Amino acid sequence: MPLRAKVATSVSKTAAALSRAAGRGDGSVIGGWLGLKIDPDLLSHLAAGRAIALVSGTNGKTTTTRLAAAALGVLGPVATNSFGANMPTGHTSALAKAGATPFAVLEVDEHYLARVIDETNPRVVGLLNLSRDQLDRAKEVAMMAQLWRTALAGHPDVHVVANADDPMVVWAATGSSHITWFSAGQRWTDDSWVCPESGHPIERSNGDWWCTGCWLRRPAPQWRVEDDGVVDPRGDWHLVKLQLPGRVNLGNAATALAVAAEFGVRPIEALPRLSGVASVAGRYAQVDRDGRNVRLLLAKNPASWLEAFDMAEQAPTLLSINARDPDGFDTSWLYDVDFAPLRDRPVLITGDRAYDLAVRLEVNAVPFRHVLSFEEAIQLVPPGRLEVIANYTAFQDIRAELDRVN
Amino acid sequence: MSTESTLRIVWIYPDLLSTYGDRGNMLILGRRAAMRGIPVECYEVRSDQPMPATADIYLIGGGEDGPQALAAQRLINDGGLHRAVNQGAAVLAICAGYQLFGHSFFAKGAKCAGLGLLDLHSDRGETRAVGELRGDIDPRLGLPALTGFENHGGRTHLGPAATPLARVTAGIGNDGQTEGAWHGKILGTYSHGPALARNPAIADLLLRWAIGADSLSPVDDTWPDRLRAERLAAAGA
């Protein structure tokens, strides 16, 4: 490693440690930011010599990255950006902090995938899904798929592990020469009714899908979820025991197994390590507070709200909505979510944009009570489970009240 | 399909134009009608289905360039929406749906023919208009201030037969001066997505047009009023 890169690495690690010591966060962004200021090529230098997997998509990337890193741990030490800091500053921090590891699994914000592929020369890229997310500033879904497609076309040596159930992902991946398809399901289909190749309608039936006007159709997956397990490319079924709730995480586990398999890890070796993952950067974490068992679920966009309802128990539920910069300033997506599953439980609402949520729930015929703080919510519910479903900054606010639980 | 007294609401092409929570407008209209005891039926008409000409209120929402161009082409070929408008149906057209009600609009860099049901045309602005939008609605409509969130790259120019829906007091709207358009019983706006959530008075105007009533019984708007006050203050105009 060049001297400049060594200095930059050292500064990056020190700054991250100082940031953590000062209680200013995880230190997962500031360190990388400083390191890249000193050496703009620092990420490339830190990536060199490691076998790397990148994981990207609108939803599930933090959890899938965590599971894939756990699975790759079978082979040796793995560097990973486990705090969800998924832009190049976060990748730089994570690799600097980890020191020399033979492997790395990095979660990548979908907007940055092309750049991070260029800089880290990954062996494997895992593509999960593409759906609407913060549309007031994010690229439209079809444009994002085009960016991915172009990025992968420039790196024909990369092995792509991609979701056969999402037409946008399939179209983005199809130009690659090494593809492994997995089926993790697609709960949210409203962003892929129109074929990105031909503009014709896409038809769906019993999990299959095809374009009515061109060649694009669902490829046969090598990995898929079946019952409470995963079927591998040889047709062998493996029971998957997770601490993380919901069908969604079973799909994330299938994806992680498929990514790890590209490095030679067998499912039977990886599965015990997947079972050891209890929470992911606070997501799914359970905290006892004043006799209440609080469980934190993150829901950032319509697809992930549907998933959160699938995971949540029938228990008092606090919903918290903000619309700060990381969340996107637009709350229109609230009407893309059907909150009807919450009608059978007490619902409390809070957050900067609680009034938007109040109007939405009234239209949805979901009774609710507005509270001004997380603490007020705790006092209002009986002892027992309190499910908390919040979008990004609202989640971080509540996590901070719970001493930054991981 | 329904009795004469049932109010029929059509949501046009949710498979193409529903990028921003547009379903909300159909849900809100249905709820506000039901609260007045007006029987209501909502129909989601997909782009591969014929467009009925006999409904009372038509809703069309926002979307990306490709689906917008496809929707305009299908609506022109179908003709059902033109017949409905000529028979006096009420319309709420939003964002991409608003643009395609004009004579022409731009999608994916190409000029596309619109429905020509509003006297206006749209082109691309130099910057994308993103953020809170606020305007004083044409006093002849007798409505309180418009509040919304806009997110569009287009600029819209009105001809003599269309009237601006509002004068912009915060945000961009059509061109930084005016926002939206109305003509007959057609309302168009850049206030995107579930615009009626923040503007229940516009929902009631559409209902009044559709049933030919001068007024409707009041309903409890505690939460919409709180939301309106918060967002109007946030727009800072």
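Helices (H or I, at least four residues) and strands (E, at least two) are DSSP runs, numbered from the N terminus.

The model is predicted: local features need pLDDT of at least 70, side-chain atom pairs count only at pLDDT 80 or more, and totals for chains, interfaces and linings use all residues. Residues are numbered from 1 along each chain as its sequence is written, and chains are lettered from A and ligands numbered from 1 in the order in which they are written.

E12(B) has partners in strand E4 (residues 90-94) and strand E11 (residues 181-183) of chain B; two strands pair if DSSP finds at least two bridges between them. E4(B) and E12(B) run parallel and are joined by four bridges, with Ile94(B) opposite Thr189(B). E11(B) and E12(B) run antiparallel over three bridges, and here Trp182(B) stands opposite Leu187(B). Two residues separate E11(B) from E12(B) in a hairpin, and Gly184(B) in the turn has a positive phi of about 60 degrees.

Elsewhere in chain B, Ala107(B) belongs to strand E5 (residues 104-107). Ala107(B) is buried, because 23 other C-beta atoms lie within 10 Å. Beyond its neighbours within four places in sequence, Ala107(B) is in contact with Asp65(B), Gln68(B), Ala69(B) and Cys112(B), where contact requires C-beta atoms, placed from the backbone, within 7 Å. The C-alpha atoms of Ala107(B) and Leu70(B) are separated by 10.0 Å, although the two residues are 37 residues apart along the chain. Helix H6 (residues 200-211) of chain B has 12 residues and should span 16 Å at 1.5 Å a residue, which agrees with the 17 Å between its end C-alpha atoms; the expected span is 1.5 Å times one less than the number of residues. Among the buried residues of H6(B) are Pro200(B), Ile202(B) and Ala210(B). Gly212(B), with a positive phi near 70 degrees, follows H6(B).

The contact between the chains takes 30 residues from chain B and 24 residues from chain A. On the side of chain B, helix H1 (23-35), helix H2 (65-78), strand E7 (120-137), strand E8 (146-158) and helix H7 (222-235) each supply at least two residues. The residues of this side comprise 13 nonpolar, 10 polar and seven charged; Ala, Val, Leu, Ile, Met, Phe, Trp, Tyr, Cys and Pro count as nonpolar, Asp, Glu, Lys and Arg as charged, and the others, Gly among them, as polar.

In chain A, helix H4 (residues 61-72) reaches 16 Å from its first C-alpha to its last, close to the 16 Å expected for its 12 residues. H4(A) is mostly covered, with 12 of its 12 residues buried. The elements covering them include strand E1 (51-56), strand E3 (103-108), H9 and helix H10 (267-275) of chain A. Helix H9 (residues 246-261) of chain A also packs against helix H11 (residues 302-311) of chain A, at an angle of about 110 degrees and with axes 6 Å apart. Axes are lines fitted to C-alpha atoms, for helices over the stretch in contact, and angles run from 0 to 180 degrees between N-to-C directions. H9(A) and H11(A) are therefore roughly perpendicular, a term covering angles of 65 to 115 degrees. Gly246(A), Arg247(A) and Val248(A) of H9(A) meet Glu307(A), Asp310(A) and Met311(A) of H11(A).

Six strands of chain A form an open sheet of mixed pairing in the order E12-E13-E17-E14-E15-E16. Strand E12 (286-289) and strand E16 (369-370) of chain A stand at the edges with a single partner strand each, so one side of each lacks a neighbour in the sheet. Strand E13 (residues 292-298) and strand E17 (residues 384-390) of chain A pair in the parallel sense over seven bridges, and Arg292(A) stands opposite Gly384(A). Helix H12 (residues 354-363) of chain A lies across strand E14 (317-320), strand E15 (347-350) and E16 of chain A, at about 145 degrees to E15(A).

Conventions:
Angles under 35 degrees count as roughly parallel, over 145 as roughly antiparallel, 65 to 115 as roughly perpendicular and the rest as oblique. Two residues are in contact if their C-beta atoms, placed from the backbone, lie within 7 Å. A residue is buried if 20 or more other C-beta atoms lie within 10 Å of its own, exposed if 12 or fewer, and partly exposed in between; C-beta atoms are placed from the backbone.
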